[in-house]
Each structure stands twice: as structure tokens, then as C-alpha cells.
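The following paragraphs go through a structure step by step, from the chains to their helices and then to one residue. Please keep the sequence and the coordinates open while reading.

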Amino acid sequence: MRSFLIRCYPARWRARYGDEFEAILEERPLGPFDVADILLGALDAQLRLRGHGVDTQHARSFTMSLRIGGIAAIVGASLIVIVIALTGGRTEGSDNAVTIALLLSLAALLVGLTGMSAFQARSNPWLVWTAFAVTAVGTVAIFIAGLGDLTGAGPRDWRDGPLPIGAVTAALGSAAFGIATYRGSVLSRKGALSLVIGPAVGLVGAIAVSQNLWELGMLLVVVGIVSFLAGWFTLGVAAIRLDRTSAFKPA
Amino acid sequence: MERKIPEFGRFAEPSLLILVSLSDGPKHGYAIMQDVEHGTGRPMGAGTLYAALARLEEQGLIEPLQPVDRRRPYRLTAVGASNLAEQLRGLSEFAQMGLRQLGKTSP
């Protein structure tokens, strides 16, 4: 009976506690209460060693959220690079593949923002919620505009279609998230700063273009886009690296 | 700095009882069981004891010593002692509050 009860525990647990546990069981006769108690203890040890223990759940879900957020941020930024490559810098015309890539990129950034916002949401909840809401509104708007575009019901020109909506919402949402992240100073502050500077420089560039300062304006727009993408990439990598540090692993 | 009391789930009470038992010196598992049973009048099963011991050891609140025969004694760490003091102070304040409220409503 004792031998059977001890075997109910995982091998790793037995290697550590097996001898002393067996010595305790030999100290006194086992009643039904003891058997039930030991079986529950064995179940608890099995669950804990598989990472399902109650006191490891919080840390586990937290690291998972950081990892998913970091990967989504990198995917979102990569998709924006694809959008730029597909449009070739054009601001007119229309392309279904670009609409879909743009929609996916914003959705990925939304997931990235959500997954990486655990720290910032404590200190700057309003900024984080603003960033989330703006990006979410943009994603929904692009979804609706994209549907219209794909079915031929919407405008057949980027200038009236999803591109400006996506650009503005992604820029505003990212800037708000960048400010919250910079203040939180847990994830990369350089990445956060890039995320704030990028949209600001891009906006100045767009104004310059509208004022017929084409060369200067386009230069600023390009710098803004590079800074914006660098910010998301840097924050994504920082979140994944933070997830791998022992400080956030279950004990 | 404020130190948070670790979460032990359904092993919160056994963990506290074990910490109290170890507060007057190192003890091995069976001695802890006897001590707890003597102090509370309720038996503590070996399964519960070792589930709680493993958590306390993981949290760094207790540490194992060299085994004597197959019996391994455990002792409180400095962190464990301060954690225990904090928990007992919290319980004491809670008990005093309860007694005050009971005093107000008692006929």
C-alpha cells in the first residue's frame, strides 16, 4: 500500500522527497483519511510539475501574454513593410492584397499592444486604453473599407480608401502606446521613443508635402515610417527577451 | 519594502501551521505533524504536509538540513521568519478587529 501511494507521485518528486516521505508513512498506520490525503497530494504534485499549480498560473499566463504580444508586434511591423513593398510607395490605385495585408498588420499590432501592455496598464491605464481604442477603431474601419473595396462597392482609390485610415489610426494608437511604455520604463525606452517620434515626424512630413515641399516632406515621411517600424520591432524583441528572463518564470 | 505574502492556495493554513511549528527550531516531517496535531487538535495528513513543505521550500521560506537516517529536518529561513511574523501580525489585527465588532453588537 505505501509503495503504491508513493508511486502515485511524479518521479522528480520521489527523487527529492521519496525517502523521507516513506519514513513518515512507516511511522504510523494509515487510515482512509491518510490515503485520501496522500492521493490528493500526489495529484497536486503531478499538476504542479506540469505547470498547472495554482501558484504558477499567474506567472505562466503573464509570460505567455508577453511572448504573444512581442511576436504579434514583429509580425504587424513586418506586414506593414509588405504593404509598403506592395504599394511601392504609391498613394493612389487599389489592390486587394494590400487591403488584406494592411488589415492583418493592424490586427497584429492590436494583439501586440494588448499582450505587451501588462506593465503600462497599471501606471497609465487611460493611455493604454486610448491606444487600444484608436487602433481598434482603425482596424474595424479598414475592415469595413476593405470589404467595400473587395466587393467593388467602395472607392477604387487609396487616397479615399483604407490606407489613410490605417495610417492615421496606427500612428495615433502607436504614439499613445509609446508614451505609456516610455513612462513605464520596463520594456525598451528606445523602442517606445521611436514609436512616439515616428508618427510625429511622419505627420510633419505629410504637412510639408501638402504645402508642396515634396522632397523634404517625403524624406520626413520615410524617416517617420522607419522610426515607427523600428519602434514596434524593438518593443517586440524586448518583450520576447523579457519573457525569457528568469525573473518572470514560475518558481 | 513591503513583502507580499505568498499564495499557497488550499495549502495556506497548513503552510502557516508548519511555519509556526518550525519557529522554535528545526524539525523533520513527522515531528511537524505531531506538533501541529498537538497544537490544533486536528491531524495533518502526510500528503498535505509535503505539498505545503514543497511550496514553502520553493518560496525560500524554509530550507532542508542534512537528513538523519531517512528523516530530513527543515528550518525557517530569515525570509520565512519575517514572513511568518507578518502573517501573524495580520491575523492578530484581524482578530482584534473582529473582537471589537463583536463587543459592539454583543447584548
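**Chains, helices and one residue**

Chain A contains 10 helices and 0 strands, where helices (H or I, at least four residues) and strands (E, at least two) are DSSP runs numbered from the N terminus. From the N terminus on, its elements therefore read α-α-α-α-α-α-α-α-α-α. The model is predicted: local features need pLDDT of at least 70 and side-chain atom pairs count only at pLDDT 80 or more, while totals for chains, interfaces and linings use all residues. Residues are numbered from 1 along each chain as its sequence is written, chains are lettered from A and ligands numbered from 1 in the order in which they are written, and side-chain values use heavy atoms, with hydrogens and water left out.

Of the 251 residues in chain A, 42% are buried; buried means under 20% relative accessible area, exposed over 50%, and partly exposed in between, with a 1.4 Å probe and protein chains only. Among contacts in chain A with a separation of 6 or more, 73% join residues 24 or more positions apart, a contact being heavy atoms within 4.5 Å.

Chain B has 4 helices and 3 strands, in the order α-β-α-α-β-β-α along the sequence. Buried residues are 38% of its 107 residues, and residues 24 or more positions apart supply 54% of the chain B contacts with a separation of 6 or more.

Within chain B, consider helix α2 (residues 29-40) first. The 12 residues of α2(B) reach 16 Å from first C-alpha to last, close to the 16 Å expected at 1.5 Å a residue; the expected span is 1.5 Å times one less than the number of residues. Its buried residues are Gly29(B), Tyr30(B), Ala31(B), Ile32(B), Met33(B) and Val36(B). Just after α2(B), Gly41(B) has a positive phi of about 80°.

The axes of α2(B) and helix α3 (residues 46-58) of chain B come within 11 Å and cross at roughly 110°. Axes are lines fitted to C-alpha atoms, for helices over the stretch in contact, and angles run from 0 to 180 degrees between N-to-C directions. The two helices are therefore roughly perpendicular; angles under 35 degrees count as roughly parallel, over 145 as roughly antiparallel, 65 to 115 as roughly perpendicular and the rest as oblique. On the α2(B) side the contact uses Gly29(B), Ile32(B) and Met33(B), and on the α3(B) side Ala46(B), Leu49(B), Tyr50(B) and Leu53(B).

Helix α3(B) also meets chain A. Its axis and that of helix α2 (residues 11-27) of chain A come within 11 Å and cross at roughly 140°, so α2(A) and α3(B) are oblique to each other. Residues in this contact include Trp13(A), Arg16(A) and Tyr17(A) of α2(A), and Ala46(B), Leu49(B) and Tyr50(B) of α3(B).

Back in chain A, helix α5 (residues 96-115) has 20 residues, which should span 28 Å at 1.5 Å a residue; its end C-alpha atoms are 29 Å apart, which agrees. Buried residues of α5(A) include Val98(A), Leu102(A), Leu106(A) and Leu113(A).

Finally, Leu195(A) lies in helix α9 (residues 189-210) of chain A. Leu195(A) counts as buried because its relative accessibility is 0%. Its C-alpha atom is 5.2 Å from that of Gly178(A), 17 residues apart along the chain. Not counting residues up to four places away in sequence, Leu195(A) touches residues including Ser174(A), Phe177(A), Gly178(A), Phe228(A) and Trp232(A).
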